[in-house]
Amino acid sequence: MAETILDELRRYVEFGTEDEARLRALHPHAAPHFERIAKVFYDRILTHEGARLALESGDGQVSRLEVTLQAWMDRLLSGPWDQSYYDTRARIGRVHVRIQLPQHYMLGAMNVLRRELESVADVAFQGRPTDLAATRTALGKILDLELAIMLHSYREDLLEERAKLERLSTFGQLVGFIGHELRNPLSVIETSLHLLRGRLPDSDERITKHLDRIGSQLLQANDIIGNLLDLVRDRARVRSPVDVGSLIRELTGAVERPERVSLSLSGLDDLPPVHGDAIQLRQVFRNLLANAVEATAPEGEVRVDGRSSDGFLELAVEDSGPGVDPEVRRRLFEPLVTTKERGIGLGLALVRRFVEQHGGSVELDRSYGPGARFRVRLPIQAA
Ligand code: HEM
């Protein structure tokens with residue numbers, strides 16, 4: 001079996017079972033200091049004018065992060081240092097990319113932890129030089145391992161992010177150009193189709209069938225172009241009070257649904273209106289409903305549930321389909337990411353763009369299954 005990244009990194013810093021035992025022995029001595037060390041850690045960040053910029057949402061965030069760091073130290077010294085350890089630690093690097101934390105701050109911050117934990121070990125193993133030396137070595141290795149994991153996942157995510165930006169900027173220019181260029185020929189085809197329909201006899205079923213087919217393919221092509229242009233252009237938004245409940249009820253007739261896919265709606269009456277762009281919101285729920293129906297077909301259930309709370313509308317769109325492949329979950333809302341055979345991956349990208357333009361959010365509920373549940377939150381007042 002191929003060596004995992006964790007195994008490779010463990011081998012690189014020579015972290016073994018002897019080190020694990022040393023860290024476990026240090027744990028009871030260090031645990032009473034976790035709270036204090038977490039304070040020192042964030043105080044250092046807060047007193048540095050550059051590092052402080054990463055912590056922008058005030059005291060609440062720092063207290064929350066202090067608690068997270070205490071849990072981090074707890075696992076650092078108690079293990080197990082296995083794949084699940086690696087997965088949780090790798091996430092930290094990705095969070096740091098999201099907040100655009102420069103990498104050099106991680107090195108300095110790790111040193112603060114190293115110094116604090118070493119002084120705890122110095123006191124705990126005073127007068128036992130062999131134990132102290134072995135504990136310091138184990139600490140050094142695990143903190144190197146932590147840095148290696150953090151920087152590895154940081155780099156991977158950063159590269160992925162850059163590739164995404166490059167793809168999006170080329171994509172944007174290309175789409176704007178092609179979209180415009182295709183609109184003209186499509187509208188010529190549409191006009192000619194209209195003229196042909198008037199001239200050809202209705203009685204020929206085969207001709208009618210083919211004309212209908214041309215018509216429906218034209219609609220589909222226009223739809224794709226419209227979506228692409230929506231994604232790369234900022235259309236001026238028209239804000240007005242939108243009754244999202246009625247909008248969804250109306251859409252249930254507009255989204256094609258096989259007979260054995262049932263659709264139930266709940267909590268949509270008496271929702272307060274959202275101050276938003278009706279066309280965009282219609283598109284949001286049309287895409288979510290169409291996806292849910294498609295995922296459920298040929299048979300199953302689609303449910304939409306709405307409620308309002310704390311100044312937000314919360315809409316959940318659930319389906320009893322196979323659920324979202326874990327491989328694509330993380331990139332689900334990016335353009336050009338799709339699991340469908342026919343589809344170019346614009347639907348959910350548009351959903352996210354429009355919802356965010358309203359100051360809201362959309363996410364796939366990770367705890368839901370089998371099937372999939374998308375949660376949309378929209379502020380009732382204009383964002
Ligand atoms: C190298 C030592 C560091 C460790 C061990 C560490 C640990 C963590 C952990 C455990 C989380 C939570 C991750 C999650 O949600 O799963 C986190 C998030 C965060 N870290 Fe660090 N961190 C380090 C360095 C830094 C530095 C130097 C800064 C700022 C200058 C920083 C700022 C943040 C912020 C702002 C978040 C939270 C983002 C959010 O979800 O709101 N971290 N860190």
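**Close-up views of a predicted model**

**View 1. Domain 2 and domain 3 have C-alpha centres 26 Å apart.** The bounds of these domains come from an automatic or database domain assignment, which gives domain 1 (5-164), domain 2 (166-232) and domain 3 (240-379). Six residues from domain 2 and six residues from domain 3 make the contact, where two residues count as touching if their C-beta atoms, placed from the backbone, lie within 7 Å. On the domain 2 side, helix α8 (residues 205-232) gives the largest share, five residues. By class, that side has four nonpolar, one polar and one charged residues. Here Ala, Val, Leu, Ile, Met, Phe, Trp, Tyr, Cys and Pro count as nonpolar, Asp, Glu, Lys and Arg as charged, and the others, Gly among them, as polar.

A note for every view: this is a predicted model, in which local features need pLDDT of at least 70 and side-chain atom pairs count only at pLDDT 80 or more, while totals for chains, interfaces and linings use all residues. Residues are numbered from 1 along each chain as its sequence is written.

**View 2. Here we look at the 18 residues around the ligand.** A51, A54, Y105, M106 and A109 come nearest. The elements giving two or more residues to this shell are α4 (59-78), α5 (83-98) and α6 (103-124). Sorted by class, the shell holds 15 nonpolar, two polar and one charged residues.

**View 3. Q100 sits in the loop between α5 and α6.** Q100 is exposed, with 10 other C-beta atoms within 10 Å (exposed means 12 or fewer such atoms, buried means 20 or more, and partly exposed is in between, with C-beta atoms placed from the backbone). The C-alpha atoms of Q100 and L158 are 9.3 Å apart, although 58 residues separate the two along the chain.

**View 4. Strand β4 (residues 300-309) runs parallel to strand β2 (residues 261-266), joined by six bridges.** Strands pair if DSSP finds at least two bridges between them; helices (H or I, at least four residues) and strands (E, at least two) are DSSP runs, numbered from the N terminus. L265 stands opposite V304 in β4. With strand β5 (residues 312-319), β4 pairs in the antiparallel sense over eight bridges, and R307 has E314 in β5 as its bridge partner. Two residues lie between the strands of this β4 and β5 hairpin, where D310 takes a positive phi near 50 degrees.

How values were computed. Near = placed C-beta within 6 Å.
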